[in-house]
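Welcome! Let's take a friendly walk through a protein chain, from the whole to a few single residues.

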Amino acid sequence: MSQVDLFGPWGLLIVIATGVGIILIAVLLFFCFLMPGCVAYEYFKKQRKEIKGVPPQIKNLEKDNLKLSDISYRSWRLGSLYEDDNGTISENAISHRDLINSTNAQCKDAECSSTLNLIHTDKQKNDKKIKEFPTELTMSLQYLPPCDDIITGKFVIGIEALCGLPPKQYNGTLEPYIALNIIKQSWSHRKRQRLHSFRTRSIRHTASPIYKETFVIANVKPQEAKEWILDITAYDHDRYANHTELCSLKVSLKDVKKIFYSPEIHMFNYRMKPSNQEFGNILLAMSYLPTAERLTINIMKLRDIKLPTVLSLNDFNPYIKVLMLNGKTGKKIKKKKTKFLRGIVQLEFNEILTFDLAVTQLDTVQFLVVLCSKVIPEGLPANSADASDSEESVSSFKRSTDFFIGKVALGKGVRGSTERLHWFSVLQNPRKLVTVWHTLK
């Protein structure tokens with residue numbers, strides 16, 4: 001039976017139209033799977049994302065008895081910040097923090113510890129570049145030439161204002177000041193001579209202070225002044241620890257020769273270079289007991305300590321002071337410190353400091369860990385120096401005579417990413433000791 005007999009005179013056209021329709025539908029379905037925006041494409045794309053999003057550790061596990069508490073906080077909250085070079089989470093073998101609910105993975109010991117590699121060094125360098133704050137200094141320079149034999153030449157430096165200082169490491173207001181050193185240029189950088197030193201006043205509660213201070217140097221000859229370098233550094237006055245170097249600038253008077261040709265005041269705007277001073281590393285272990293409402297800080301050891309030039313190696317008697325601060329007001333709540341060490345071959349403290357900390361204070365409290373050097377007067381016996389290491393009164397606002405070297409802040413609102421993540425890890429892993437290396441600044 002032919003198509004003409006089955007469908008009549010239109011049979012051949014119907015068969016051709018049917019075949020063309022089937023081919024068009026097949027082509028449309030094929031392109032639908034390849035073109036974004038189509039229903040089939042979006043459906044299969046979602047399925048592929050769900051399959052790829054499952055970690056390889058969970059793919060091989062049974063689906064039963066899997067709870068959210070069994071998955072480490074670092075894997076879903078902090079993400080790649082805790083990954084090492086191979087993209088895996090770096091932990092100690094004794095931490096017992098696996099993703100499954102097995103007898104080998106359960107950690108029933110309250111003093112279980114783990115060492116975290118929070119941020120890779122390359123990521124940390126990139127993070128510093130992002131967090132740079134452009135700081136500008138407004139300064140005036142003026143040279144008054146000598147007149148007759150009575151009035152000598154004078155060089156006038158005016159520190160007008162600063163703008164855009166970086167924030168404090170921990171929650172608190174800045175108290176910036178500027179230190180100005182005049183250095184004589186020489187052929188060798190090692191033989192630079194500091195001729196004059198000045199300092200402005202400290203201005204509280206501002207990141208853009210206005211100083212309007214003038215410093216005058218008498219008996220100045222233009223030939224001598226052209227060899228000078230103005231070394232300008234902005235500091236944050238810290239009443240609890242060492243003063244933080246915020247930014248610095250060096251101006252050679254050879255580049256501003258025009259100030260010696262006219263006696264009027266010349267205004268300059270300079271962008272200062274951010275300072276990232278580091279004084280070594282400290283290993284801290286922290287744990288929090290929610291039932292007892294107690295925070296434990298284990299001061300373990302130090303490494304790669306860089307002493308300032310004003311402190312010699314023989315006078316270095318290190319100890320650690322930990323301050324409990326109110327994150328909103330910056331006031332001191334409690335203070336504890338370790339014993340100081342006389343031998344500096346191995347800087348290991350291994351001392352535990354405990355603080356009573358309520359659950360309601362976890363979001364506001366901050367801890368400031370300060371590396372100090374004990375100043376021991378000559379002829380004072382060691383026993384009398386140890387007696388002064390007891391906990392000082394919180395109500396005492398007298399600044400210690402000891403030398404402050406570096407500090408690190410821990411808490412929810414601190415600026416450092418490593419310090420902030422260490423605090424979050426302690427809160428998300430109660431009754432477990434979390435150990436992290438920190439950089440003293």
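## Reading the model

Helices (H or I, at least four residues) and strands (E, at least two) are DSSP runs, numbered from the N terminus. This is a predicted model, where local features need pLDDT of at least 70, side-chain atom pairs count only at pLDDT 80 or more, and totals for chains, interfaces and linings use all residues. Residues are numbered from 1 along each chain as its sequence is written, and side-chain values use heavy atoms, with hydrogens and water left out.

## A look at His438

Let's start inside a strand. His438 belongs to strand E17, which covers residues 432-439. His438 counts as buried because its relative accessibility is 2%; buried means under 20% relative accessible area, exposed over 50%, and partly exposed in between (1.4 Å probe, protein chains only).

Which residues does His438 touch, leaving aside neighbours within four places in sequence? Among them are Gly280, Asn281, Leu410 and His422, where contact means heavy atoms within 4.5 Å.

## Two positive phi angles

His205 has a phi near 60°, a positive value in a residue other than glycine. This residue, His205, sits in the loop between strand E5 (193-199) and strand E6 (210-218). His205 is exposed because its relative accessible area is 58%.

Asn350 is also not glycine, and its phi is positive, near 55°. Asn350 is part of strand E14, residues 348-356.

## The whole chain

The protein chain holds 9 helices and 17 strands. Of its 441 residues, 39% count as buried. Among contacts in the protein chain with a separation of 6 or more, 69% come from residues 24 or more positions apart.
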